[in-house]
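Work through the exercises below with the sequence and the structure at hand. Each task is followed by a solution in steps.

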Amino acid sequence: MERIASFCVDHTTLEPGMYLSRRDGDIMTWDIRMKKPNQGDYLSPACAHTIEHLFATRARNSRYGAHVIYVGPMGCLTGFYLLTQGLTDAEALDLVRECFAWMAEYDGPIPGASAPECGNYLMMDPIAARAECRAMLPVLAAADGSHLRYRA
């Protein structure tokens, strides 16, 4: 079986940041890497689940919402994938910065956190989610042209 593209990236070299993971036509898959892989420091499942609900809701309700295809956590609990269509690199970075700034301060009910809306709605940790998003703000603020491509 052929190795998929994400397994061809050398995860030992990845640092927190925003990277273009792949381009499929006009669909861009962004890697929002919050944790350095394989270092023992990961997002907790409840934290990642909370960020997923907040990130997806905010991104889809932003001025770029029509261009957001998918927001979801990485199974390795080191970050998130953001799939966009029709955004420039600068717009995608602007979207992520805006979402993380909002999530870092959000202190309301978690969107979609009810039994009819979510399959595990009790697994939420908004305190950890705020802290992790706050920790990501300087990383996103410092992003420059190097955030656009994986360094494999």
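Predicted model: local features only at pLDDT ≥ 70, side-chain atom pairs only at ≥ 80, totals over all residues.

**Exercise 1.** In what order do the four strands stand in the open sheet, and is the pairing parallel or antiparallel?

Solution. Start with strand 1 and strand 2, which pair in the antiparallel sense over seven bridges. Met18 has Ile32 as its bridge partner in strand 2. Next, strand 2 (residues 27-33) also pairs with strand 4, again antiparallel and over seven bridges. Here Trp30 is bridged to Leu82 of strand 4. Then strand 4 pairs with strand 3 (residues 68-73) through five bridges, in the antiparallel sense; Val68 and Thr84 are bridge partners. The four strands therefore form an open sheet in the order 1-2-4-3, with antiparallel pairing. Strand 1 (17-24) and strand 3 each have a single partner strand, so one side of each is left without a neighbour in the sheet. From one strand to the next, the twist averages 20°.

**Exercise 2.** How many residues lie between strand 3 and strand 4 in their hairpin, and which residue in the turn has a positive phi?

Solution. Five residues separate the two strands of the hairpin. The turn residue with a positive phi is Leu77, at about 65°.

**Exercise 3.** Why is strand 4 described as largely enclosed by the rest of the structure?

Solution. Take residues 79-85, the seven residues of strand 4, and count a residue as buried when its relative accessible area is under 20%. Five of the seven are buried, so strand 4 is largely enclosed by the rest of the structure.

**Exercise 4.** At what angle do helix 2 and helix 3 pack, and how far apart are their axes?

Solution. Two numbers describe such a pair: the angle between the axes and the distance between them. For helix 2 and helix 3 (residues 126-141) the angle is about 145°, and the axes are 8 Å apart. The crossing of helix 2 past helix 3 is left-handed. Residues making the contact include Leu93, Val96 and Phe100 of helix 2, and Cys133, Met136 and Leu137 of helix 3. Sorted by class, the contact has eleven nonpolar, no polar and four charged residues.

Notes. Residues numbered from 1 in each chain as written. Heavy atoms only, no water. Buried < 20%, exposed > 50% of the residue type's maximum accessible area, 1.4 Å probe, protein only. Pairing = 2+ DSSP bridges. Axes fitted to C-alpha atoms, helices over the stretch in contact; angles between N-to-C directions. Left-handed = near helix turned anticlockwise from the far one by under 90°. Contact = heavy atoms within 4.5 Å. Nonpolar A, V, L, I, M, F, W, Y, C, P; charged D, E, K, R; others polar.
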